[in-house]
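Here is a friendly walk through one structure, section by section. Please have the viewer open beside the text.

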Amino acid sequence: MHRFFSDWYRIVEFNITDEIYKKRENAVKKIISDLDEESLLKLISILFGFSTDEALYNTFIAYFRDEDNLFKSINNDFEIRILAGCVLASLIVDGDIDENYKDLISLAVLTTFFENNCRPCPLSGFIEEFNKYLWNRSRELRIIKKPEELRVQKLEFQENVSNNWSQAAAQFDLLKKSNNYLINKINDNQQRLIESFQIFSEELNVCWWIIGGSSNLLKKEFSKLKSSSPEIILAKELANFTEFNVFPPVFDSILRKVLSMVGVKYSGKQVFAEMINNVPEKEIFLIKDRYIINYCPIHYALNKAIESDDNSSWLAPVKKMFNMNPNALIECGSLTKQFYLESLLIKLDSKMQG
Amino acid sequence: MNDDIKLEPEESYKESTDIRLYSGTDCKLSEISMVMKKKPTKLIILAGPANSGKTTLLATLNDTFQKGPLSDYLFAGSRTLPGFERRSHLSRMVSGNLESTTERTKIVLPSDISFLHIDLYSVSTETIISYLISDISGENFKQMRDSSEECLQYSIIKRADHFSLFFDCKELVDNENRNEAKMNGLLLLRSCVEAGILNGSNFIEIVFSKWDFIANSEDQEKIQHLEFIESIKREINKRFSQKLPNISFINIACRPQSEILNDGYGLNDIVEQWTIRKPLIIQSVPDLFEEKNSRAFLKFNFQ
């Protein structure tokens, strides 16, 4: 169970007892071991209180009711949201699933959260946890590992080895083991070298992108970028450079630098709906109409805006889907960060789907 | 027939009538999870010496929302309306008193602290925010102020999103009492911090109540009073800002005794402050790299 479980659960139950703690813990463990990856991903909708798959919602509650007969089934929506958050947080800390799924879930939580004021969120504890996971993961992946030293076991052949078949067989096994060890080490070192080159290449690309000061996608200098939505283009380009999830080093500094180069103030604010309406249709890249965009508010809004005929009919479905206010003011820097994360999520999802 | 079952009609009737109805008065600690489990709820603790205006603030809040919206917020329901009404009752009675009065909060055991519930609708964000508000009586305040051990009993404060500490400006303008009033507040903060029940996750509002006493004073005196209040702010920041980074200062006058200030002066500031959500802490530089990092690109992180 996650170390912060009792703190998080105290948000909804002040008098938490050992007995209740145990019951909830058991249910969380069972959910993690029983549900498949896709269902676990869908728990994000429950965490944020969005409409979700009813069957999954009932199954989720059933786990807690099986452990605790007194578990409430009505008027405890927020408790269920907190429990869904606990399941997801426990999953990324000690769940036995593929690391890529952990990344996908953490990214999806962050993108769904959509930092910056579109709606108040009492779940900052969870968000911080997923954010922390991604930062650490991003940095772990970027550590350049030194090549491992190759040590070959010294073989001492005895003089009479040829006359003694059992000894010869033992020596042969030893030789085979040493050989395997060498091959593994060479493969491992080769992998380390490839990763190191990728890391350097990614960082160099980002550096040249900033120094070069021009957009790769629009083939124009930043200063001449007349796009009405430079935040989106820049976020998309930065996401294209990122090979290692998530956040390149000095992420915030990079964003500030490139935004200032296109003449956008990082802390400047604009209305979310206006920003979406201003995106020229030809500049909308890779809008995937797949389930994953249910976790990507900006992509979802762009998708709906393209489908609709006017500038306002897309507002209602977005508002309903993400329980957000599209007329809220949003910081340009946060918007870029959000679109960057969404692009990464879609990229990671595509990679996992093959 | 099964002989074991001997249920008299009267008994069964008695059992069926044993239904506990919700009184609508204050929620006890054991009842607040009812509200908390339903939707996101902000827990607010009002603390301060007796007569510092905590209950008056609650009564004024109730009265204000009965008249209409308060800045961006509309009243959206309460499970404890009778509780609010009880607090407003005395102030509405035509009693011939020169000053409006409010029922005093009774001293209670820490486990018996009660809460009032109110839902507010924010017009700009189109969301409903739930609040559970408790005022700690002046006597409880004294006990807490004098001992960290006593503070520990009030573990609910640890869970509180907002802790509003009241300084009574009527005391602060009185040269004889003002230092004691200042020390009382500082001592309470110190006890709570030492006991570990207040920490960086709580928002602390230092509320200078009955601000009309400052606003009404003569020019020369007013400068002195404002200087004294500034000294309190400086001292609080100096002593506690490291452990309590979310401290803010608010001036209110719920029922001002002059026409310089409007009724409910500063009320919207405090309600606005209560809606602030905890800022997201972004993990910027993990320890992971501090020792091993020898790469120039990553070193930019530390600038």
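Is A:T17 buried or exposed? A:T17 is exposed, because 9 other C-beta atoms lie within 10 Å, and a residue counts as exposed at 12 or fewer. Bear in mind, as you look at this spot and the others below, that the model is predicted.

As for its setting, A:T17 sits in the loop between α1 (5–9) and α2 (18–34) of chain A. A:S6 is 11 residues away from A:T17 in sequence, and the two C-alpha atoms are 9.7 Å apart in space.

## The two chains in outline

Let us step back to whole chains. Chain A contains 14 helices and four strands. Of its 354 residues, 37% are buried. If you take the contacts in chain A with a separation of 6 or more, 74% of them join residues 24 or more positions apart.

Chain B contains 14 helices and eight strands. Here buried residues make up 38% of the 303 residues. For the contacts in chain B with a separation of 6 or more, the share from residues 24 or more positions apart is 78%.

## Two domains in chain A

Chain A is split into domain 1, covering 5–142, and domain 2, covering 201–353. Taken over C-alpha atoms, the centres of domain 1 of chain A and domain 2 of chain A are 27 Å apart. Their contact involves 23 residues from domain 1 of chain A and 25 residues from domain 2 of chain A.

Which helix gives the most to the side of domain 1 of chain A that touches domain 2 of chain A? That is α6(A), with eight residues. Both α6 (99–113) and α7 (124–142) of chain A supply at least two residues to this side. By class, the residues on this side of domain 1 of chain A are 11 nonpolar, seven polar and five charged.

## How α5(A) meets α6(A)

The helix α6(A) also packs against helix α5 (residues 77–94) of chain A. Two packed helices are described by the angle between their axes and the distance between the axes. For α5(A) and α6(A), the angle is about 140 degrees and the axes are 10 Å apart. The crossing of α5(A) past α6(A) is left-handed.

Which residues of α5(A) take part? They are A:L88, A:L91 and A:I92, and they meet A:K102, A:I105, A:S106 and A:V109 in α6(A). Sorted by class, this contact of α5(A) with α6(A) has five nonpolar, one polar and one charged residues.

## The buried side of α10(A)

Next comes helix α10 (residues 251–261) of chain A, whose buried residues are A:F251, A:I254, A:L255, A:V258 and A:L259. Why are these residues on the same side of α10(A)? They lie on the same side because they cover an arc of only 120 degrees around the axis.

The cover over the buried residues of α10(A) includes α8 (165–212), α9 (230–241) and α14 (332–353) of chain A. After α10(A) comes A:G263, which has a positive phi near 80 degrees.

Most residues other than glycine have a negative phi, and most peptide bonds are trans. A:N75 is not a glycine, yet it has a positive phi of about 55 degrees. A:N75 is in the loop between α4 (54–67) and α5 of chain A, and it counts as exposed because it has 12 C-beta neighbours inside 10 Å.

B:K210 is also a residue other than glycine with a positive phi, near 55 degrees. B:K210 lies in the loop between β7 (203–209) and α10 (212–215) of chain B. Is B:K210 buried or exposed? B:K210 counts as buried, because it has 26 C-beta neighbours inside 10 Å and the cut-off for buried is 20 or more.

## One more loop in chain B

The last stop is B:P69, found in the loop between α3 (54–67) and β3 (73–75) of chain B. B:P69 is partly exposed, because 14 other C-beta atoms lie within 10 Å. B:P69 and B:S122 are 53 residues apart in sequence, while their C-alpha atoms are 9.8 Å apart in space.

Key: Residues are numbered from 1 along each chain as its sequence is written. Chains are lettered from A and ligands numbered from 1 in the order in which they are written. This is a predicted model: local features need pLDDT of at least 70, side-chain atom pairs count only at pLDDT 80 or more; totals for chains, interfaces and linings use all residues. Domain bounds come from an automatic or database domain assignment. Two residues are in contact if their C-beta atoms, placed from the backbone, lie within 7 Å. Ala, Val, Leu, Ile, Met, Phe, Trp, Tyr, Cys and Pro count as nonpolar, Asp, Glu, Lys and Arg as charged, and the others, Gly among them, as polar. Axes are lines fitted to C-alpha atoms, for helices over the stretch in contact, and angles run from 0 to 180 degrees between N-to-C directions. A crossing is left-handed if the near helix is turned anticlockwise from the far one by less than a right angle, and right-handed if clockwise. The arc is that of the directions from the helix axis to the C-beta atoms.
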